[in-house]
Amino acid sequence: MTHQGLNQNQAQRNPEAQDVFRSAEADNGEKWLLNPAI
Amino acid sequence: MLGCSKAKWHGREAFVLVNDLVHLVTLTGGGHIAEFRFRERKGLSTLNPLWVPPWKTIEPYHYRPGQHAARYGSPATGRTLSGITGHNLCLDFFGSPSEEEARQGLSIHGEAPSLRWRKERIGVRPQEVSLKLSVRLPVAELRFERELTLRRGESVAYFEETVKNERKADHFFHWTQHVTLGPPFLDSQASCICVPALKGRTYPHGYEGKELLRSSYDFKWPRAPDLQGNFVDLTQPFIRSGKGFVATALLDPRREIGYIAALNREANLLFGYCFHRSDFPWAVSWEENRARRYPPWNGRCQVRGIEFGSTPFPLLRREAFAQGPLYGTGHFSMVPARGSRTVQYVSFLAAVPEDFAHLRGLRLTDSEILLCDARGRDRVRVRASGLAATSLAKKS
């Protein structure tokens, strides 16, 4: 589990938002967000 | 002709409401409005403005992680995405579940989009046909009812929705109509989005490294800043392939009636919704334009959401409540202990003149939706005789 670099500053400012950035491995090895916004 | 019958839509259980002009499809799996379009008739476009995903959807209550996560994503999103289409209901929360909530089985936008809705009744009267569906949200302890009505000779769908709180305590929640539009109705050249908003703010969390817009930035609607500092006109769909965004807009507080709409100038077709701004003060724009390359999106999806609701951003509930009001405007709905709350709104289709370039304003009377563009006031009149029996009439 990693945080996406682009959003790191935002996550640091708002620790409650950190769940949003947690990523997971897709079957093809690509990183993708667990919780995309739609 | 006036009727309502059970049907199959792309293999899904559905009900179809029809009158002599239009045809509306709603699904029992998630309650989505999947189609709303004119019937075959000379001079009228039969395009369905609502988005139909490029993936094959299933009844979302049949989603099982072991069987379906590879195709639709993990349960936190995949349960909802497995059945999503058209106009979706976000109820109790708007956005993703927390990690803890996801472990309990909750998926994006709450329970309603992935539960099986029940038919309560079909009513056929000389001038109208109606269908009432309901769903109980066991985690939220909310009961939801939606009655859809078509009237003879009108291209208007009347919505009445009630949320009932089964708890012995007041309940604070999010309530958003997640309307999504897609091709071929929505087209980067022929279409535009019409929202009477004053100002907006871009989403705080980018778009997974594929964001079109700068994050957490206030802007004057519809010109939002991109990453290079240029302004992007959000009334135009599908501006840059490979990009996506989320942005909220505050609907004009001087109007009692809010609306959202989209126009296809080649089809001369306008599609929209009218509602009480006090119920739904926010219009969130979401665009996925072939940005996400993982399932179920797979880099091939074009969709624009115009999501009108109680809440400015799709965030984790804990984050949304911690953020508080935006621009002094509310950010949630409330239903009292053991109480209920009802809203009424309408959706409409309008055939517009060839030179109708953009919807500049809209007003409602007892019996009509009146549309204006830059060329004139009340230029297009949409018959809506059912407005007289709603709280919407003469409020605009």
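Predicted model: local features only at pLDDT ≥ 70, side-chain atom pairs only at ≥ 80, totals over all residues.
Leu371(B) stands opposite Val380(B) in strand β25(B).

- Three strands form an open sheet in the order β23-β24-β25 (chain B), and their pairing is antiparallel.
- The edges are taken by β23 (361-364) and β25 (376-383) of chain B; each has a single partner strand, so one side of each lacks a neighbour in the sheet.
- On average, neighbouring strands of this sheet are turned by 25° against each other, direction ignored.

**Burial and side-chain directions in β19(B)**

- Strand β19 of chain B spans residues 282-289 and is mostly covered, with eight of its eight residues buried.
- In a regular strand, side chains alternate between the two faces of the sheet.
- Trp282(B), Val284(B), Trp286(B) and Glu288(B) point one way from β19(B), while Ala283(B), Ser285(B), Glu287(B) and Asn289(B) point the other way.

**Partners of β19(B)**

- Strand β16 of chain B, residues 243-251, pairs with β19(B) in the antiparallel sense over eight bridges.
- Within β19(B), Glu287(B) is the residue opposite Phe245(B).
- Strand β20 of chain B, residues 302-309, is also antiparallel to β19(B), and eight bridges join the two.
- Gln302(B) in β20(B) is the bridge partner of Asn289(B).

Key. Residues numbered from 1 in each chain as written. Chains lettered and ligands numbered in written order. Heavy atoms only, no water. Buried < 20%, exposed > 50% of the residue type's maximum accessible area, 1.4 Å probe, protein only. Helix = DSSP H or I, 4+ residues; strand = E, 2+ residues; numbered from the N terminus. Pairing = 2+ DSSP bridges. Axes fitted to C-alpha atoms, helices over the stretch in contact; angles between N-to-C directions.
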